[in-house]
Amino acid sequence: MTNPRNTGPEPTSPPDATASRWSALRPKRGLLAATVLAVAAIDQISKIVAVDALEGKAPVDLLGEWFQLTLLRNPGAAFSMGTGSTWLFTTIQIVFIVAVAVGSKWLRTPWPTISAGLIAGGAAGNLIDRLFRDPSFYFGHVVDFLSVRGFAVFNLADSAITVGVIMLAAWIMFSPDVDEMTGDAKTEKETKREDAKQTTKREGAGEETADA
């Protein structure tokens, strides 16, 4: 039976402890930016050296024919897919880098931050090629020079993306931080919804007072 004298606000449950801990962590935007810049810089330096050393020359064997240095300019994606859609890959890389920057508020521990930085840095390294290398702006060909027999010709940016994806997948599958981040996102969404309700109520009360 409800106590009619109890007219106060209903008690609310305490906030989730894990979500609170995650909320207390600050986004590691500095680490993200440093990782992206380092990967992109190393990638571009390696490509400059590769073009200078391998242009017009025969492949250089590192492990026989199984692993070679050979210069290739790729207008498409990995495995030379989509060679006629250079503009599309350029656009996708720009959108991805912007998405990482926008979503950086959720990167609050080193592992996912470095993972995202490796992926975004690799995307940035290849994006620089697409924007500024021949044949033209936005349609540039990516410089690849690492050749694994029977696999593909790739570059350090591609390697960074691959490592970053593996690290991020491992974090998603095994880290308890994922649950904390999800809880924090849920709490933030519920808080915004409740704030919107309270704002609507206050506006409604103000209109009723004005009418009276």
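These legends walk you through several close-up views of a predicted model.

Figure 1. The chain contains 6 helices and 4 strands. If you follow it along the sequence, the order of these elements reads α-α-β-β-α-α-β-β-α-α. How much of the chain is buried? Buried residues account for 33% of its 212 residues. The accessible surface amounts to about 13,500 Å², and 65% of that area belongs to carbon and sulfur atoms.

**Figure 2. A salt bridge between Asp-129 and Lys-47.** Here the side chains of Asp-129 and Lys-47 meet, with a distance of 2.8 Å from N to O. Asp-129 belongs to helix H4 (residues 110-132) and Lys-47 to helix H2 (residues 29-54), so this pair ties together parts of the chain that are 82 residues apart in sequence. Are these two residues buried or exposed? Both Asp-129 and Lys-47 are buried. For Asp-129, the relative accessibility is 0%, which is why this residue counts as buried.

Figure 3. Which residues are linked in the network of salt bridges? Its members are Asp-43, Lys-47, Asp-129 and Arg-133. For the model, the count of salt bridges comes to 5.

**Figure 4. A salt bridge between a loop and a strand.** In this view, Glu-55 and Arg-73 join their side chains in a salt bridge, 3.0 Å from N to O. Glu-55 sits in the loop between H2 and strand S1 (60-61), while Arg-73 is in strand S2 (residues 67-74), so the pair ties together parts that are 18 residues apart in sequence. Glu-55 counts as partly exposed because its relative accessibility is 42%. Arg-73 also counts as partly exposed, at 38% relative accessibility.

**Figure 5. Helices H3 and H4 packed against each other.** Helix H3 (residues 86-102) packs with H4 at an angle of about 145°, and their axes lie 9 Å apart. The H3 and H4 crossing is left-handed. On the H3 side, the residues in contact include Phe-89, Ile-94, Phe-96, Ile-97 and Val-100. On the H4 side, Ala-116, Ile-119, Ala-120, Leu-127 and Arg-130 are among them. What classes of residue make up this contact? There are 12 nonpolar, 4 polar and 1 charged residues where H3 meets H4.

**Figure 6. Helices H2 and H4 packed against each other.** H2 and H4 pack at an angle of about 35°, with 7 Å between their axes. Their crossing is right-handed. Sorted by class, the residues in the contact of H2 with H4 are 12 nonpolar, 8 polar and 3 charged.

How values were computed: Residues are numbered from 1 along each chain as its sequence is written. This is a predicted model: local features need pLDDT of at least 70, side-chain atom pairs count only at pLDDT 80 or more; totals for chains, interfaces and linings use all residues. Side-chain values use heavy atoms; hydrogens and water are left out. A salt bridge is a side-chain nitrogen of Lys or Arg within 4 Å of a carboxyl oxygen of Asp or Glu. Helices (H or I, at least four residues) and strands (E, at least two) are DSSP runs, numbered from the N terminus. Buried means under 20% relative accessible area, exposed over 50%, partly exposed in between (1.4 Å probe, protein chains only). Axes are lines fitted to C-alpha atoms, for helices over the stretch in contact, and angles run from 0 to 180 degrees between N-to-C directions. A crossing is left-handed if the near helix is turned anticlockwise from the far one by less than a right angle, and right-handed if clockwise. Contact means heavy atoms within 4.5 Å. Ala, Val, Leu, Ile, Met, Phe, Trp, Tyr, Cys and Pro count as nonpolar, Asp, Glu, Lys and Arg as charged, and the others, Gly among them, as polar. Accessible areas come from the Shrake-Rupley method with a 1.4 Å probe; for residues, only the protein chains shown count as cover.
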